[in-house]
Amino acid sequence: MTRTVVVGAGMTRFGKHPGAAIGPLGAAAVSAALDSAGLGLADVQAATCGNVLGGMLPGQRILREFGVSDIPVTNVENACASGGTALHLAVRMIESGEYDVVLAMGVEILSALGSGLLPQDPDDVDVLQGINLPASYALRAHRYMHEHKLTAEQLALVSVKSHENGALNPHAQFSTPWTVADVVNAKMIADPLTLYMCCPNSDGAAAVVVCSEAAARRCTSTPVYVRASVLVSGHFHPVRDLTAPETTITARDQAYAAAAVGPEDLDMIECHDPFAIAELLYYEVFGLAAQGDGVGLLTSGATRLGGRIPVNPSGGLLARGHPLGATGIAQIAEAYWQLRGEAGARQITNHRVALTHVTGGGICGYDNGSCTVHVLTT
Amino acid sequence: VTDYRSYSGGPLVDEHAEPPRFVGSACRLCGAIAFPPRRRCASCARADLEPAPIAPYGRLYSYTVVRIGRPHEMTPYAIGVADFPGGIRVLARLSGWAADGAGSPIGRTVTAGVADPPARTGDPRADFRLRVTERDGSDSSEAVRA
């Protein structure tokens, strides 16, 4: 079975793009990805596209900008893991041997929906009781604070670090650093999460080109390999430890086994941090810190740029922004640039092994409904 | 009658019990108990269920106060998650607890409640509450760990 190689990546700046349409927004990312791969759309044999709220046929609307015809296009909705799922399908298409060059896209326009909460299933009992996505992470945060004596000021440090990184990323929605005081004094959304501990609603698109090893040899001498591509859906288990997200634990085990790596091998992580508490939980899940020690790892500086294991060097969902369907692909773009030493002012020092992670939630009785983990190496 | 809602039966709280109790579902085949009640058993996937009372006292596991809600929702409101004996977890709005000025209610004993009449929607899935009690949960053998 051929390994899958990432040969190109591109994205738009994430943020508010008033009046943007799915087709042209996505096409900007696709153009950048193809240019970086030295390929044209005539070389692309199949395409996948992650999108949540953009309506019918987003992938075709993007490719229509180029006049592409006939190739198979698969659109994927898997909540916030839609982009990660689009890449997962593209990897499987390469591994099957049926295709040599596949384009994986992600696109989302949230500003058109106004600000505020994302729509959820109106028949879900938790939703009928008034749960929403910030509140579901706030429940995790309060439990973690109860068990591990975490303070709001310590929680704010996650956002402060993300915004330090985002300020160095020209693709990020936010370009100014924040202080702990800025974060804790921002408007309360769902106790203990303030507005600046929540990711913004964003517009944006990202795209990557993946190839078989044979096809990759024709377009790059510095390949980035996909060593693991894992998709899981979580299991029904109402009584859960809210500080130990089991959907990601399952995906982590499969990804570490598939790539034959462990936490000690990683040089960076792009993890799903829609709300500040999530990054601390995922430090622990991915084995960077013992359960309850996530804040110690953060305050040690190990996860900052220049630290032992930078986490979310792009600024993550909190600072780069979170256009749902595009996020999982943007993480791959970030890992691709970092592993090739092309990440500019936010370049990490050691760059051989990267892990990316997105989850999509939430439905009553499950930790999350979807989760992808990818491991990439030089 | 064809009804494909997640639940379309009667009240989810037995208000006549003392104290009031949640009413879940029990599988007639494998015995698995669930709240909210299910249309199919989550353990054996069979659709042969009967109402089942849940033990009366639970322990609050976590909570939040929602300050920004959906357009039709009055804010702020508190939501809690509580564990009841028998492996039952309930997520619901809290009653009997003032959000502002109070400390964390995690670990407090809770029981089943129903929204005050003006706030009732008529949908039993939206109208049950977790009522924070003054009862000291620390010596309750019925309540699960905090």
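Modeller: Start with two helices. In α5(A), A:Y137, A:R140, A:A141 and A:Y144 meet A:I277, A:A278, A:L281, A:Y282 and A:E284 of α10(A). Helix α5 covers residues 133-148 of chain A, and helix α10 covers residues 276-285. They pack at an angle of about 65°, and their axes are 9 Å apart. The crossing of α5(A) and α10(A) is left-handed. Keep in mind that this is a predicted model.

Keep A:R140 in view. A:R140 is also in contact with A:D367. Where is A:D367 found? A:D367 sits in the loop between β10 and β11 of chain A. A:D367 is buried, because its relative accessible area is 5%, and buried means under 20%. Its side chain makes a polar contact with the side chain of A:T247, at 2.9 Å. The side chain of A:D367 also reaches the backbone nitrogen of A:E246, at 3.4 Å. Leaving aside neighbours within four places in sequence, the contacts of A:D367 also include A:R240, A:P245 and A:T248.

Now to the sheet. Strands of a sheet pair through backbone hydrogen bonds, either parallel or antiparallel. Nine strands of chain A form an open sheet, and the pairing is mixed. Read across it in this order: β3-β2-β4-β7-β1-β8-β11-β10-β9. The edge strands are β3 (73-76) and β9 (268-270) of chain A, and each pairs on one side only. From one strand to the next, the twist averages 25°.

Pick out one pair of strands. Strand β4 (residues 101-109) and strand β7 (residues 203-212) of chain A run antiparallel, with nine bridges between them.

Helix α1 (residues 22-37) of chain A touches β1 (4-11), β4 and β7 of chain A. Its direction makes about 130° with that of β1(A). Helix α3 (residues 82-95) of chain A lies across a list of strands that includes β1, β2 (46-50), β3, β4 and β7. That list also includes β8 (224-232), β10 (353-360) and β11 (370-377) of chain A. Helix α3 runs at about 160° to β2(A).

Last, the scores. The model has ipTM 0.95 and pTM 0.96. In chain B, the mean pLDDT is 90, and 92% of residues reach 70 or more. Residues 139-146 of chain B stay under 50.

Notes
Residues are numbered from 1 along each chain as its sequence is written. Chains are lettered from A and ligands numbered from 1 in the order in which they are written. This is a predicted model: local features need pLDDT of at least 70, side-chain atom pairs count only at pLDDT 80 or more; totals for chains, interfaces and linings use all residues. Side-chain values use heavy atoms; hydrogens and water are left out. Two strands pair if DSSP finds at least two bridges between them. Helices (H or I, at least four residues) and strands (E, at least two) are DSSP runs, numbered from the N terminus. Axes are lines fitted to C-alpha atoms, for helices over the stretch in contact, and angles run from 0 to 180 degrees between N-to-C directions. Contact means heavy atoms within 4.5 Å. Buried means under 20% relative accessible area, exposed over 50%, partly exposed in between (1.4 Å probe, protein chains only). A polar contact is a pair of N or O atoms within 3.5 Å; within protein, one must be able to donate a hydrogen and the other to accept it, and residues adjacent in sequence count only if both atoms are side-chain atoms. pLDDT is the predictor's confidence in each residue, from 0 to 100. A crossing is left-handed if the near helix is turned anticlockwise from the far one by less than a right angle, and right-handed if clockwise.
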